[in-house]
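Let's take a walk through this protein model, one spot at a time. Keep the structure open as you read, and look for each place as it comes up.

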Amino acid sequence: MKAITYTEFGGPEVLRLAEVDEPHAGPGQVRLKVVAAAVNPLDYKIRNGWRPQMTPPFPVIPGVEAAGVVDEVGEGVTGVAVGDEVLGWTVTGAYAEHALAVDFSPKPADLDWDLAAALPVAVETSVRVLGALGVGEGDTLLLHGAAGVAGAVGVQLAVTRGATVIGTASPGNHDYLRSLGAIPVAYGAGLADRVREAAPQGIDAVYDAAGAGNLEVSIDLRGGTDRTITIADPKAAELGVTFSGPAPFGSRLGEYARLAADGKLTVRIAQSLPLEDAAKAQELSASGHAAGKLVLRP
């Protein structure tokens with residue numbers, strides 16, 4: 001099969017389109033014929049060697065999120081059959097024509113393939129963080145990086161829980177945040193004052209999806225580290241803030257896929273690119289200027 005691989009750490013130039021052996025579904029696994037694979041910032045961070053504890057053995061096939069058609073079902077797997085459309089997390093790398101998965105959910109037939117591939121990480125992340133923060137009716141949530149994919153999903157889910165969301169983003173994304181139901185505020189000097197002006201009632205919880213050095217301001221606004229979680233700032237432990245990482249999500253993804261198919265949950269798709277343009281996609285991801293999710297089509 002065709003896949004994007006790399007055999008050493010480095011820049012996007014280490015990515016190669018190669019012919020590799022197809023994986024086959026083992027016990028508890030299904031194999032997907034990948035239709036769409038999503039690009040995440042974690043992909044280039046692993047490629048650069050910044051996450052050695054998360055790096056599989058070389059050669060590496062990048063990517064974790066995919067949507068595709070089941071074409072093999074391993075021993076012990078129930079509730080899914082060859083030909084079913086699913087979305088979820090791969091265990092063999094998503095930038096490929098075939099990938100194995102153990103954590104997945106049915107894809108509604110009317111859900112766009114690119115959007116399906118873009119959902120798993122953002123949905124799991126925001127459901128996990130909002131749950132840990134206990135965000136609910138009447139709360140005011142400060143969400144950093146609100147215009148990013150995870151942040152935007154977090155805005156929408158928090159609003160449906162009855163929370164007021166103050167979302168930090170660059171001014172060019174403020175109309176987008178308003179369309180999602182958030183009150184936008186700009187990054188930069190004076191952030192604390194702008195947040196206080198937008199939320200004179202105070203901030204009840206903080207969800208940092210940006211990792212851009214906003215934890216100190218958040219602690220000041222909260223008056224401590226209680227109900228503050230980051231998914232991206234490496235200074236979390238130093239500051240006494242909870243750093244939250246991914247967890248299995250499985251069939252719960254299905255209800256959010258249905259919301260997306262019904263137009264009640266949205267993710268911006270920046271570009272859909274052919275598999276061979278993986279290096280370009282990771283460059284765009286690393287630049288921070290992609291307005292939404294980048295998707296690869298094998």
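## Starting at Gly 28

Gly 28 touches Glu 75, Val 77, Ala 101 and Val 102, leaving out residues up to four places away in sequence. Keep in mind that what you're looking at is a predicted model. Where does Gly 28 sit? You'll find Gly 28 in the loop between strand E2 (16-19) and strand E3 (30-39).

Is Gly 28 buried or partly exposed? With a relative accessibility of 36%, Gly 28 is partly exposed, because that class lies between the 20% limit for buried and the 50% limit for exposed. Now look over at Leu 100: along the chain, Gly 28 and Leu 100 are 72 residues apart, and their C-alpha atoms are separated by 10.0 Å.

## Helix H2 and its two partners

Time for some helix packing. Two packed helices are described by the angle between their axes and the distance between those axes. Take helix H2 (residues 113-133) and helix H3 (residues 149-160) to begin with: their axes cross at roughly 55° and come within 8 Å. That angle makes H2 oblique to H3, and H2 passes H3 in a right-handed crossing. On the H2 side, the residues that meet H3 are Ala 118, Ala 122, Val 123, Ser 126, Val 127 and Leu 130. Facing them from H3 are Val 149, Ala 150, Val 153, Gly 154, Leu 157 and Ala 158. Sort this contact by class and you get 10 nonpolar residues, 2 polar ones and no charged ones.

H2 also packs with helix H8 (residues 253-261), at an angle of about 125° and with the axes 10 Å apart. H2 and H8 are therefore oblique to each other, and H2 passes H8 in a right-handed crossing. Which residues meet here? Leu 115, Leu 119, Pro 120, Val 123 and Val 127 come from H2, while Leu 253, Tyr 256, Ala 257 and Ala 260 come from H8. By class, the contact of H2 with H8 has 9 nonpolar residues, with no polar and no charged ones.

## Arg 258, out on H8

Stay on H8 for a moment and find Arg 258, which is part of this helix. Arg 258 has a relative accessibility of 33%, so it counts as partly exposed. What does Arg 258 touch, not counting residues up to four places away in sequence? The answer is Pro 108 and Asp 110. Arg 258 and Pro 108 are 150 residues apart along the chain, yet their C-alpha atoms are separated by 6.3 Å.

## Two buried residues

Back on helix H3, look for Gln 156. Its relative accessible area is 9%, so Gln 156 is buried. What does the side chain of Gln 156 reach? It reaches the backbone oxygen of Thr 266, at 2.8 Å. Leaving aside neighbours within four places in sequence, Gln 156 is in contact with Leu 180, Lys 264, Leu 265 and Thr 266.

Thr 168 belongs to strand E8 (residues 164-168). Its relative accessibility is 0%, so Thr 168 counts as buried. Setting aside residues up to four places away in sequence, Thr 168 touches a list of residues that includes Leu 142, His 144, Ala 146, Val 185, Tyr 187 and Leu 191.

## H5 against H6

Leu 191 turns up again in helix H5 (residues 191-198), as part of its contact with helix H6 (residues 215-222). H5 and H6 pack at an angle of about 40°, with their axes 10 Å apart. The two helices are therefore oblique to each other, and H5 passes H6 in a right-handed crossing. H5 brings Leu 191, Ala 192, Val 195 and Arg 196 to the contact, and H6 brings Val 217, Asp 220 and Leu 221. These residues divide into 5 nonpolar, no polar and 2 charged.

## Two backbone details in loops

Now check the loop between H6 and strand E11 (228-230), where you'll find Arg 227. What is phi of Arg 227? It is near 55°, a positive value in a residue other than glycine. With a relative accessible area of 25%, Arg 227 is partly exposed.

The last stop is Pro 59, in the loop between helix H1 (41-47) and strand E4 (65-73). Phe 58 and Pro 59 are joined by a cis peptide bond, with omega about -5°.

How values were computed. Residues are numbered from 1 along each chain as its sequence is written. This is a predicted model: local features need pLDDT of at least 70, side-chain atom pairs count only at pLDDT 80 or more; totals for chains, interfaces and linings use all residues. Side-chain values use heavy atoms; hydrogens and water are left out. Axes are lines fitted to C-alpha atoms, for helices over the stretch in contact, and angles run from 0 to 180 degrees between N-to-C directions. Helices (H or I, at least four residues) and strands (E, at least two) are DSSP runs, numbered from the N terminus. Angles under 35 degrees count as roughly parallel, over 145 as roughly antiparallel, 65 to 115 as roughly perpendicular and the rest as oblique. A crossing is left-handed if the near helix is turned anticlockwise from the far one by less than a right angle, and right-handed if clockwise. Contact means heavy atoms within 4.5 Å. Ala, Val, Leu, Ile, Met, Phe, Trp, Tyr, Cys and Pro count as nonpolar, Asp, Glu, Lys and Arg as charged, and the others, Gly among them, as polar. Buried means under 20% relative accessible area, exposed over 50%, partly exposed in between (1.4 Å probe, protein chains only). A polar contact is a pair of N or O atoms within 3.5 Å; within protein, one must be able to donate a hydrogen and the other to accept it, and residues adjacent in sequence count only if both atoms are side-chain atoms.
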